[in-house]
Amino acid sequence: MFQIRIHGRGGQGVVTAAELLSVAANAFGRHAQAFPSFGSERTGAPVVAFCRIDDRPIRLREPVLEPDAVIVQDSTLLRQIDVLGGLRPAGYLLVNTAATLDDLGLGGVVARLPPGHAVAVSATAIARTHVGRPVPNAALLGAFAALTELISIDSVAAAIATRFHGHLRDGNVTAARAAYEHVKGVRSGASAA
Amino acid sequence: MRAQREGSQAVALTVARCRPEVVCAYPISPQTHIVEGLSAIVASGELAPCEFVNVESEFAALSVAIGASAAGARAYTATASQGLLFMAEALWNASGLGLPIVMTVANRAIGAPINIWNDHSDAMALRDCGWIQLYAQDNQEAADLHILAFRLAEQLSVPVMVCMDGFVLTHAVEEIDVADQELVDRYLPPYRPRQVLDPKAPITIGAMVGPEAFTEVRYLAHQTQRQALTVIPRLADEFATVFGRRSASLVSPYRTEDADLVVVALGSVLGTLAETIDELRDDGVRVGALGITTFRPFPTEAVRAALRDGQRVVALERAFSIGSGGVVSQDLRVALAGMDCPLSTVVAGLGGRPITRPSLRQLITQARSAPGDPTAGPQPLVFLDLDRDLLAHG
Amino acid sequence: MAVQRVKFYQTGSFAVGNRLLDPAMRSVQSDATRTNAITSGHRACRGCGEALGARYVLDAAMRATGGKLVTVNATGCLEVFSTPYPESAWQVAWLHSLFGNAPAVAAGVAAALRAKGRTDIRVIGQAGDGGTVDIGFGCLSGLFERDDDVLFVCYDNQGYMNTGVQRSGATPPAARTTTTPVEEQAPGNRFGQGKFVPFIAMAHEIPYVATATIADLRDLEAKVERAMQLRGARYLHVLVPCPLGWGTDASETIRIARLATECGLFPVFEAERGEVTDVNPIRHRVPVEEYLRRQVRYRHLFEPTRRDDLIARIQARADANILRFGLLDEKES
């Protein structure tokens, strides 16, 4: 089983991201379960959502305590909550930021994780470019596909199409593909180095 | 149709395919997504004829359903927590009048302190109100149980609550097969009320009954509800034939055969429990689980048949009776009378506190380590993961 | 040619003899084939205003709807005296659920009939003042706000008579009830409390609101007939004196109801979409004292010492109603 925890703020599409991730995994032939951290949070408050992906039906209902991947939609959360709590030694870290992971003080974490397992992507900027709105979740899903190779970028695109229509769908798919290509480039650079 | 969807949406779609003619809605978390889904289905014209009534309270929601059902319509509503308690008076009325209303309860704690998260305090507080209570283990079962619930309710003229864990199931997105309309129509015939408000054949419903007949009314209600214990397994078998998958029946044993300890539980915790049991089995620990799907009427015989002498039984309670202890435990104690099955009670997951594998593992290990003598065994009432530090600072 | 106006006065009551009228103008109750929706043999007290009112309302509604009627009843005297199991006085389809939910249950019946395409069948909800203005009020407001196709009838006897004469939100000032006892400092129910639900119904701008009393039964029948010509939420508030609760002689029930209107304390009017459209003028105005002194619940206003201060405050309320609704013919005012 592969478990993902997504951190963000109310209004950034955190719950939608987890749901779309599960839809993409399902479209990719896997069993998946997504659920929010059931709060009554308002816009701007820290929000957590979870996703599990497995080859067999998922019965587990506990929150994700030891994630295989952590997605951080808002890097300001790094100063507030322990977003890396329980992250497995061979886990993945995906952070939405225009800065570098070193700049965010994550150098130590990057060093502990296997090479190429921690990536920064400027998903908000990508979203602004392609969607016209600073909602980074679709771009991060594209980046996640490239980072973990757990799901295909086509299944991410298909998942986005189940939720959005018209130009929002097209823009989010383009954003996801752009982030996917960006992370693929970073990772091939990392493995070459 | 199989698809990745939210539990609430699966329930809304399934309920729509049961063709309710009146749906009453009042918002309360975590039930709200269900009636939102149904409002969209009705507004789109996909479910017709159906009157979607936005009411001013849960008390009114169930009251509208009572009027609709008495007028011969298939009626549905959904609620949770305070909403269920606000309905309390009307709950007894619906069952007393024998109106086969189906209602989803998205189980949630009861305040004060106000708490929107999951436990079973709401439905357990109304366990004696004459409604049949079914508890879903997962979202597939939650959706499927609604089809069975309408059939059961209308066959016995008894209202049915389908209980599903708030947030844990209602807000979880997973692959769920929503039954095809054609199959639902095959399984669930149109509602033929036992009696109906009809100007052509006017009857009085809801007369005042004095001491001379009230006991008999209650006796008959009991007998009628107990019939569900034979009807539900038959309906579950038929469900499996029509839909090609098995929806739970009275109880669902999991690896109990050679178990020396069986954890009895209701609802979604059974999933995490099954995972924990598999892990412990790999370590050679002989433990099993017994899920109770039908809590009212209580399946005494099915519980006895699923357990055997020498097994230690732990009731994992998602609600409890303040001043007494476990709620399910009381029924279990009666069911286990004369059996050599020492029973202990563990209260867990109140107000949404997660029940995790590590906690369950510890609970089971501790319970098993106690010797066979029940007086030397685990404490009769344990609160799982009780935060002693918090108590000390209280 | 000079026209001689014939007065149909009988015993001073304004009641008109049916046999003198064209058959089409006769009252529903004069019709031998009327439904008898609530038939004889029920267990209401002698002189019960509510039993009389309910019979007129439902028989009129049955005639107006061609017998296609379903009724929903709140808990209260009307329900208790009419359905002692295994007997029932109801000759119409009738459902009783709870004290506080009759408007919602009626709305549910209406919703079911809509879903079934049977809007030819009409729905009446009925309750006493407790079930209407107090415990059922939330559901009633919901019914009005949704404009459900229900006529809701309140039989107002100004207190919880079923449980032994306790105060309700419709109990008038100074009235003695078992929960507003008369002590030196507490002369019965307080002034300035309670509510007049017809006004609140009008504030919902529902199609039809009317008040009536059992003193003018032709007027009551006409209002039921008018209400059944309309669709949507309609409200009829009927004053029904209670000999037990008010401390009046059983033979006086209708007289008391008439005095309530003639003194101005109970205005009789109709309103559509929130606007008053018609009032029943007072024909023989009487001071409130005429009305009050016949009722044991107001005896403390007269004995052992006369409380002119309180009587004057009640008279002021009546005067305000008369002014507000224009209840006096111009020549009398």
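Mentor: Start with terms. Helices are DSSP runs of H or I with at least four residues, strands are runs of E with at least two, and both are numbered from the N terminus. The model is predicted.

Trainee: Where does B:Ala112 lie in chain B?

Mentor: B:Ala112 is in a loop of chain B, between strand 5 (102-107) and helix 6 (121-125).

Trainee: What makes the peptide bond from B:Gly111 to B:Ala112 cis or trans?

Mentor: Look at omega. For B:Gly111 to B:Ala112 omega is near 5°, and the bond is cis. Chain C has a cis bond as well, joining C:Glu303 and C:Pro304, with omega about -5°. C:Pro304 sits in the loop between helix 10 (288-292) and helix 11 of chain C. Most peptide bonds are trans.

Trainee: How do you know that the 13 residues of helix 3 of chain B span what they should?

Mentor: Take 1.5 Å times one less than the number of residues. For helix 3 (residues 58-70) of chain B, that gives 18 Å, and the end C-alpha atoms lie 18 Å apart, so the two agree.

Trainee: Why is helix 3 of chain B called mostly covered?

Mentor: Buried means under 20% relative accessible area. In helix 3 of chain B, 13 of its 13 residues are buried.

Trainee: What caps the N-terminal end of helix 3 of chain B?

Mentor: B:Ser57 does. One of its side-chain oxygens is 3.3 Å from the backbone nitrogen of B:Phe59. The cut-off for a polar contact is 3.5 Å. After helix 3 comes B:Gly72, with a positive phi near 95°.

Trainee: How many helices and strands does chain B have, and why is it called as compact as a globular protein of its length?

Mentor: Chain B has 14 helices and 18 strands. Its radius of gyration is 21 Å, and the globule rule gives 21 Å for 394 residues, so the chain is as compact as a globular protein of that length. Of those 394 residues, 62% count as buried.

Trainee: What lines the largest cavity?

Mentor: Its volume is about 60 Å³. The lining includes B:Ser69, B:Ala70, B:Tyr191 and B:Arg194. By class, six of the lining residues are nonpolar, four polar and one charged.

Trainee: What lines the second largest cavity?

Mentor: The second largest cavity holds about 30 Å³. Among its lining residues are B:His120, B:Met124 and B:Arg318. Five are nonpolar, one is polar and one is charged.

Trainee: Why is each called buried, partly exposed or exposed?

Mentor: C:Val165, at 12%, counts as buried. C:Asn36 lies in the segment before helix 1 (49-64) of chain C. C:Val165 is in the loop between strand 4 (151-156) and helix 6 (197-203) of chain C.

Technical notes. Residues are numbered from 1 along each chain as its sequence is written. Chains are lettered from A and ligands numbered from 1 in the order in which they are written. This is a predicted model: local features need pLDDT of at least 70, side-chain atom pairs count only at pLDDT 80 or more; totals for chains, interfaces and linings use all residues. Side-chain values use heavy atoms; hydrogens and water are left out. On a 1 Å grid over the protein atoms alone, a cavity is a set of points where a 1.4 Å probe fits but cannot get out, and a pocket is an open set with protein on both sides within 12 Å along at least five of seven lines; lining residues have an atom within 4 Å of a point. Grid points are joined across faces, edges and corners, and a volume is the space filled by probe spheres set on the points. Ala, Val, Leu, Ile, Met, Phe, Trp, Tyr, Cys and Pro count as nonpolar, Asp, Glu, Lys and Arg as charged, and the others, Gly among them, as polar. Buried means under 20% relative accessible area, exposed over 50%, partly exposed in between (1.4 Å probe, protein chains only). A polar contact is a pair of N or O atoms within 3.5 Å; within protein, one must be able to donate a hydrogen and the other to accept it, and residues adjacent in sequence count only if both atoms are side-chain atoms. The radius of gyration is taken over C-alpha atoms; the globule rule is 2.2 Å times the number of residues to the power 0.38.
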